[in-house]
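Open the model in your viewer and keep the sequence panel beside it. Each stop gives you something to select, then tells you what is there.

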Amino acid sequence: MKIFKLALVATVAFMLNSCSIYNFTGTGKIDAETFQVNFFQNNADIVEPGIERTFTIRLQELIQNQTNLSLTNTNGDLVYEGEIVEYRVTPMTATADQRAAQNRFTIAVNVRFTNKNKEADNFEKRFSFYHDFEGNGLPTGQILSTALEEIFERITQDIFNESLAKW
C-alpha cells in the first residue's frame, strides 16, 4: 500500500512539474514579457471601412487571452505588424442561367513578426482565409459580420500558432 501511495504522489508531482513546460494553448516557454500589435493598414484594392481596426483588436485580444504577456504600445519584446492585402469576393458556383449560386469572400493579411529576444523566430508571412455565402447576397450587414468573425478568428489563430505555438 505504501508503494502505491508513493507511486501516486510521484506521478502527480511529475504531472504538475511538466505543466511548467507546456500549457493548454500549445505555447512552450515564451522568452518575452511584452508584446506590441501595430495598427494593420488596409491596403487591399477594395477597402471596407473599419476592418483594419477590428483585425488589430482581435489579434491583441487573442494574444492577451492565450498568454500572460503584457500589451504595450512601444518597445515590445514581440512585435506584430503588417497590412491587409486582399479583400475579394469571387463567384464559386453558377446556376443554369449563369448567375452566381455561391460566392467566396476572402481576406489576406501580410504579417511581419519580430521577436527581439530570439531573432530566429522572426518571419514575414501571408495569412488568408475565406467565407462562402449564397450567390444572391452581398457581403454586407449580417453576412459581412458573420464572414469577418469567421475569417478573423482563423487568421488570428494561425498567426498565433506560427509565432508562439510553433505548430
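Predicted model: local features only at pLDDT ≥ 70, side-chain atom pairs only at ≥ 80, totals over all residues.

**Stop 1: helix H3.** Select residues 141-165, which form helix H3. At 1.5 Å a residue, these 25 residues should span 36 Å. The end C-alpha atoms are 34 Å apart, so the length agrees. Now step to Lys 166, which follows H3. Its phi is positive, near 60°.

**Stop 2: the contact itself.** Show side chains. On the H2 side, select Ile 51, Thr 54, Phe 55, Arg 58, Leu 59, Leu 62, Ile 63 and Gln 66. They meet a set of H3 residues that includes Leu 148, Phe 152, Ile 155, Ile 159, Phe 160 and Leu 164. The residues of this contact divide into 11 nonpolar, 4 polar and 3 charged. An α-helix has 3.6 residues a turn, so residues three or four places apart point the same way.

**Stop 3: Thr 106.** Move to strand E5, residues 100-115, and pick Thr 106. Is Thr 106 buried or exposed? Its relative accessibility is 9%, so Thr 106 counts as buried; the cut-off is under 20%. Leaving aside residues up to four places away in sequence, Thr 106 touches Glu 86, Tyr 87, Arg 88, Phe 129 and Tyr 130.

Notes
Residues numbered from 1 in each chain as written. Heavy atoms only, no water. Helix = DSSP H or I, 4+ residues; strand = E, 2+ residues; numbered from the N terminus. Expected span 1.5 Å × (residues − 1). Contact = heavy atoms within 4.5 Å. Nonpolar A, V, L, I, M, F, W, Y, C, P; charged D, E, K, R; others polar. Buried < 20%, exposed > 50% of the residue type's maximum accessible area, 1.4 Å probe, protein only.
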